[in-house]
Structure formats: C-alpha cells, structure tokens
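Thanks, everyone. Let me put the model up, and then we will walk through it.

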Amino acid sequence: MAMVDLIARAGVRDSATLAAMLRVPRHEFVPVEDRELAYGDFPLPIGYGQTISQPYIVAFMTEQLHPRPEMKVLEIGTGSGYQAAVLGEIGCMVYTIEIVESLARRAAAVLARLGYDDVHVRFGDGYQGWPDAAPFDAVIVTAAADEIPPLLLDQLAAGGRLIMPVGPQDGVQYLTVVDKDRAGQLTPRVLLPVRFVPLIEGKGGRR
Ligand code: SAH
C-alpha cells in the first residue's frame, strides 16, 4: 500500500498533513542507497547515528500541531530535513535547528534545491531555541529528553502548542503535547509511546 494510504489508515485525518506528505519527495531526504525504501512506513538511518522518523510518526506529530499556512513553527532536530519540508509544504514558516553541522548543511542544501524558501535551517543547540525568531505558534522537538527544555516553552506563543517525545533515552518515551493558553498557562497531555534518538545537550546546556 502507498505510504500516505498507510498513514491515513493508521488514523491520521488532517487533510493538509496528508496532502503535504503526498507531495514532499521523501526519497530526496534519505541516503541514495536507500531510495527504493523511502516510501515504506519505517525510519531509516541518515548517518551520524541519526534517523529520519517513521512517516506515520511524522504525520501524527504534524497533525497534532494543526498546521496552517503562515504559521510560525520551530523544529528542534532537523535531521534529514523531511519533517521541516512537510511543514514547509503546508505553507508554514519553519525555523529548524540541528546540532550536527554536516546534517544541518545537507538538509539546508536539499531544502533549498527543492524550493522550500520558507524553511530556515540553523546549526546549533536546540535547547536554546531560536530567540530572535520567537514567539512560535508551534514547537516540534524530534528527539527525546527527560524534560521539555524550558526555553522552548518560553518561546511558545500564547495559544500555541508544543509536541515532543518525553522520557528516558534507553526506554520508551511518550509523545507529549503542551498547550499554552492565552494567559500563558501550560497544559500537558500524553499521547502515545514512541522511540526517538536522544536530544543531545549542547555546550549551552540546560538553563
Ligand atoms: N526531524 C528529523 C529527524 C530527527 S532525528 C527528520 O525529519 O529527518 C533527531 C535529530 O535531532 C538528529 O539529527 C540529531 O542530531 C538532532 N539533535 C539532537 N540533539 C539536538 C539538539 N540539542 N539541538 C538540535 N538538534 C539536535
């Protein structure tokens, strides 16, 4: 079955998310030798010990953000750039940070070649967020940690939503959404068990 049919059958309903995933050429974001595997519903290695996430998880997380054109989204963990491309395809203004410089450079090149002009890639430590572009309507963290980095919650706009896998590196993590209401009050909700690569603590460390 085709990748997006699998994702829809697994329960993802948001039409903007499904349409974007039909259009983004995932094979451009995987290693050349894995291109024929690019449309299966599984993660793939992208070098440097990192992975491009399973398409279903990309779709699930994207849908949870209720993405709309012009929305400003911060992503931590650019990796291949695929998740950023899906958000860019929807028309979001995407700011994505990657701590492995070679991955950041490669993703930026692919995204530019495919014409995703509203996706901005920065090499750096995601724990710090992207203060000069904040606040963000949505924040998506695609690597796991025991706690949500506080600066990312600070940079979330009122009325915005963050999604991130929370839990230990060597165990099961839980995909968690945090809504920030108009008064700045945070409400977390746990959605489903997942396994992500760890969020690396950069030089800036935690606050
Ligand atoms: N969203 C990616 C998959 C992410 S894999 C995709 O669509 O392909 C997780 C990525 O997070 C890895 O590339 C890893 O290097 C990066 N990462 C880990 N810790 C980080 C940090 N502190 N700041 C920014 N990126 C980080």
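Start with Leu-37, which sits in the loop between H2 and E1. Helices here are DSSP runs of H or I with at least four residues, strands are E runs of at least two, and both are numbered from the N terminus. Leu-37 is partly exposed, at a relative accessible area of 36%. A word on those classes: buried means under 20% relative accessible area, exposed means over 50%, and partly exposed lies in between, with a 1.4 Å probe and protein chains only. Between the C-alpha atoms of Leu-37 and Met-164 there are 26 Å, and the two are 127 residues apart along the chain.

Before going on, the ground rules. This is a predicted model, where local features need pLDDT of at least 70, side-chain atom pairs count only at pLDDT 80 or more, and totals for chains, interfaces and linings use all residues. Residues are numbered from 1 along each chain as its sequence is written, and side-chain values use heavy atoms, with hydrogens and water left out.

Glu-28 is also in the loop between helix H2 (15-23) and strand E1 (44-47). Is Glu-28 buried or exposed? Buried, at 18% relative accessibility. The side chain of Glu-28 makes a polar contact of 3.1 Å with the side chain of Arg-113. By polar contact I mean a pair of N or O atoms within 3.5 Å; within protein, one must be able to donate a hydrogen and the other to accept it, and residues adjacent in sequence count only if both atoms are side-chain atoms.

Now the ligand. How many residues surround the ligand? There are 27, and the closest are Gly-77, Ser-80, Glu-98, Gly-126 and Ile-200. The criterion is a residue heavy atom within 4 Å of the molecule. By class, that shell holds 12 nonpolar, 12 polar and 3 charged residues. Nonpolar covers Ala, Val, Leu, Ile, Met, Phe, Trp, Tyr, Cys and Pro; charged covers Asp, Glu, Lys and Arg; the others, Gly among them, count as polar.

A backbone N or O atom of Ile-200 is 2.6 Å from a ligand nitrogen. For a polar backbone atom of Gly-126, the distance to a ligand nitrogen is 2.7 Å. Glu-75 uses a polar side-chain atom, 3.0 Å from a nitrogen of the ligand. How much of the ligand does the protein bury? The ligand taken alone exposes 590 Å², and the protein buries 100% of that. Those areas come from the Shrake-Rupley method with a 1.4 Å probe.

The space taken by the ligand is the largest cavity. A cavity, on a 1 Å grid over the protein atoms alone, is a set of points where a 1.4 Å probe fits but cannot get out. Which elements give two or more residues to the shell? They are strand E2 (50-52), strand E3 (72-76), helix H4 (82-90) and strand E4 (93-98). E2 gives the largest share, 3 residues.

Look at H4 next. This helix is mostly covered, with 8 of its 9 residues buried. Among them are Tyr-82, Leu-87 and Ile-90. Just after H4 comes Gly-91, with a positive phi of about 105 degrees.

On to backbone geometry. Most residues other than glycine have a negative phi, and most peptide bonds are trans. His-66 is not a glycine, yet has a positive phi of about 45 degrees. His-66 lies in the loop between helix H3 (55-64) and E3. The relative accessible area of His-66 is 48%, so this residue is partly exposed. Glu-70 is found in the loop between H3 and E3 too. Glu-70 has a positive phi of about 75 degrees. At 57% relative accessibility, Glu-70 counts as exposed.

There is a cis peptide bond between Ala-134 and Pro-135, with omega about 0 degrees. Pro-135 falls in the loop between strand E5 (119-123) and strand E6 (136-141).

Two last stops. Leu-114, in the loop between helix H5 (101-113) and E5, is partly exposed at 28% relative accessibility. Ile-163 is in strand E7 (residues 156-166). Ile-163 is buried, with a relative accessible area of 0%.

Key
On a 1 Å grid over the protein atoms alone, a cavity is a set of points where a 1.4 Å probe fits but cannot get out, and a pocket is an open set with protein on both sides within 12 Å along at least five of seven lines; lining residues have an atom within 4 Å of a point. A molecule sits in a cavity or pocket if more than half of its atoms lie within 2 Å of its grid points.
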